[in-house]
Amino acid sequence: SGYMSSNYCSTQLELSAFRAQWMSELKPSGGASGTSDRLLQPKGLKRTQDIVREEKATELFLRAVQEEQSGAVYEAIKFYRMAMQLVPDIEFKINYSRPPDADRGGGNYMEDSDIDGDIEDLLNYFEQQLTLESSFPKICTPELEITQMHISALPREILMYIFRWVVSSDLDMRALEQLSLVCRGFYICARDPEIWRSACLRVWGRKCTKFVPFKSWREMFLRRPRVRFDGVYISKTSYIRQGEESLDGFYRAWHHVEFYRYLRFFPDGHVIMLTTPEDPLAVVPRLRTRNTRMDSILLGHYRLSQETDNQTKVFAVVCKKKEEKVTEFQRNRFCRRNPAPEAEHSFHVGLHLAARGRQSFSKLVWIHHSCHITYKLTGETVVTSFDLDRMYTPFFFARVKSYTAFSEQPL
């Protein structure tokens with residue numbers, strides 16, 4: 001059956017090429033131009049045959065893809081073979097137009113969002129369409145007849161307040177981009193400058209008064225370097241350590257040591273830092289909020305700094321979580337065994353933001369790490385700086401869906 005199908009394809013190709021040649025010969029031509037046209041016919045005919053053959057091969061290849069996705073492997077192999085007989089490298093010539101994955105809808109807005117003039121033109125076009133359709137335009141209209149009140153009946157101010165809940169205090173702008181895919185009206189609302197301005201103020205503070213040199217607040221939020229809040233930055237370090245020699249001196253053990261550093265940033269300027277041998281699967285869910293009950297957690301604040309070398313740097317100061325106050329009875333009982341600490345330890349961290357492939361703001365590289373010990377009795381502070389050796393591997397960002405699954409406060 002594969003051989004017959006191949007012959008059928010070849011016959012169809014010859015017929016298509018013959019029709020193209022026949023139509024070209026029917027066109028009026030005279031004199032020298034007619035002679036030149038006849039001279040160019042073989043070259044044009046070959047090009048036409050190539051185009052027809054590639055179109056047919058593309059059709060067969062896409063048919064094979066559909067058969068393979070539906071589980072019909074043998075049928076898929078047959079169509080793959082027929083397509084490659086026509087055009088051997090057809091796989092690399094096809095412009096795939098598959099529907100986007102549902103999980104990525106709205107997408108990797110950071111990498112794929114087009115914020116050139118086309119977006120602005122599309123926004124104006126949608127606004128004009130809504131204005132022309134009705135003298136009292138609504139944000140959207142129900143597709144089907146319903147008995148309950150539709151969301152389009154809400155005033156625009158209420159709808160914008162709902163959009164702020166979607167963004168939430170966690171600055172989930174990805175959800176806002178997904179919401180803009182619902183309809184034209186939601187697209188217009190999701191491009192509201194005030195929402196994006198509020199998000200920029202949360203990230204860069206009140207000094208952020210204008211979006212120059214960017215074209216809009218949205219472009220500023222998407223393009224200007226910043227830390228991300230919808231996940232955690234993870235650094236994995238591993239090394240080989242020599243163990244103790246055995247009692248009989250016959251062998252010496254070697255240990256493979258592996259540990260992780262975690263950095264979790266919050267829009268309000270707080271940061272969590274954790275160093276632990278536990279893998280991300282066990283640790284990441286426990287870093288959703290600052291109120292985690294992990295003993296070795298370090299809490300503190302961070303700030304962004306735009307330096308003269310055009311690098312955006314992150315500076316953080318973290319310290320051990322302060323213990324809750326004990327009762328008077330417990331203090332009197334354990335004062336001799338557990339005296340109050342005579343010094344406070346804090347850690348100063350410096351990192352600079354970098355890109356990782358097409359993913360912006362997803363890499364943090366160490367530039368500074370030091371420990372500050374302040375003695376309470378004298379007020380003296382001793383600073384110890386650490387050498388940034390191979391133990392200080394970069395942080396890479398990992399998005400965590402559960403961090404933005406719930407909205408606790410509006411933007």
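Of the 411 residues of the protein chain, 35% count as buried. Buried means under 20% relative accessible area, exposed means over 50%, and partly exposed lies in between, with a 1.4 Å probe and protein chains only. The structure is a predicted model, in which local features need pLDDT of at least 70, side-chain atom pairs count only at pLDDT 80 or more, and totals for chains, interfaces and linings use all residues. Residues are numbered from 1 along each chain as its sequence is written, and side-chain values use heavy atoms, with hydrogens and water left out.

The secondary structure comes to 12 helices and nine strands. Helices (H or I, at least four residues) and strands (E, at least two) are DSSP runs, numbered from the N terminus. Contact means heavy atoms within 4.5 Å. Among contacts with a separation of 6 or more, 57% join residues 24 or more positions apart.

Where pLDDT is low, the predicted coordinates should not be read in detail.

The largest nonpolar core holds 47 residues. A nonpolar core is a set of buried Ala, Val, Leu, Ile, Met, Phe, Trp, Tyr and Cys residues joined through side-chain atoms within 4.5 Å. Phe-163, Phe-221, Tyr-233, Leu-263, Phe-265 and Leu-364 touch the most other members. Helix H9 (residues 193-204) gives the most to this core, with six residues. Domain 2 (122-223) and domain 3 (231-323 + 340-403) both contribute residues, so the core lies between them. Domain bounds come from an automatic or database domain assignment. Leu-263 is in contact with Val-232, Tyr-233, Val-271, Ile-272, Met-273, Leu-351, Leu-364 and Phe-395, leaving aside neighbours within four places in sequence.

H9 has 12 residues. From first C-alpha to last, H9 reaches 16 Å, close to the 16 Å expected at 1.5 Å a residue. The expected span of a helix is 1.5 Å times one less than its number of residues. Buried positions in H9 are Ile-195, Trp-196, Ser-198, Ala-199, Cys-200, Val-203 and Trp-204. These buried residues pack against helices H6 (156-167), H7 (173-179), H8 (184-190) and H10 (217-223), and against strand S4. Just after H9, Gly-205 takes a positive phi of about 85°.

Helix H3 (residues 73-86) has 14 residues. Its first and last C-alpha atoms are 20 Å apart, close to the 20 Å expected at 1.5 Å a residue. Ala-76, Lys-78, Phe-79, Tyr-80, Met-82, Ala-83 and Leu-86 are the buried residues of H3. An α-helix has 3.6 residues a turn, so residues three or four places apart point the same way.

The loop between H6 and H7 holds Ser-168 and Leu-171. Ser-168 has a positive phi of about 65° although it is not a glycine. Leu-171, also not a glycine, has a positive phi of about 55°. Ser-168 counts as buried because its relative accessibility is 2%. Leu-171 is buried at 6%.

Thr-275 lies in strand S3 (residues 270-276). At 41% relative accessibility, Thr-275 counts as partly exposed. Thr-275 and Tyr-260 are 15 residues apart in sequence, yet their C-alpha atoms lie 5.7 Å apart in space. Beyond four places in sequence, Thr-275 contacts Phe-259, Tyr-260, Arg-261 and Ser-296.

Thr-292 sits in the loop between helix H11 (280-283) and strand S4 (298-306). Thr-292 is buried because its relative accessibility is 5%. A polar atom of the Thr-292 side chain lies 3.1 Å from the backbone oxygen of Arg-286. Leaving aside neighbours within four places in sequence, Thr-292 is in contact with Arg-286, Ile-297 and Lys-321. Within S4 itself lies Ser-305. Ser-305 is buried, with a relative accessible area of 13%. Not counting residues up to four places away in sequence, Ser-305 touches Gln-311, Thr-312, Lys-313 and Phe-315.

Terms used. A polar contact is a pair of N or O atoms within 3.5 Å; within protein, one must be able to donate a hydrogen and the other to accept it, and residues adjacent in sequence count only if both atoms are side-chain atoms.
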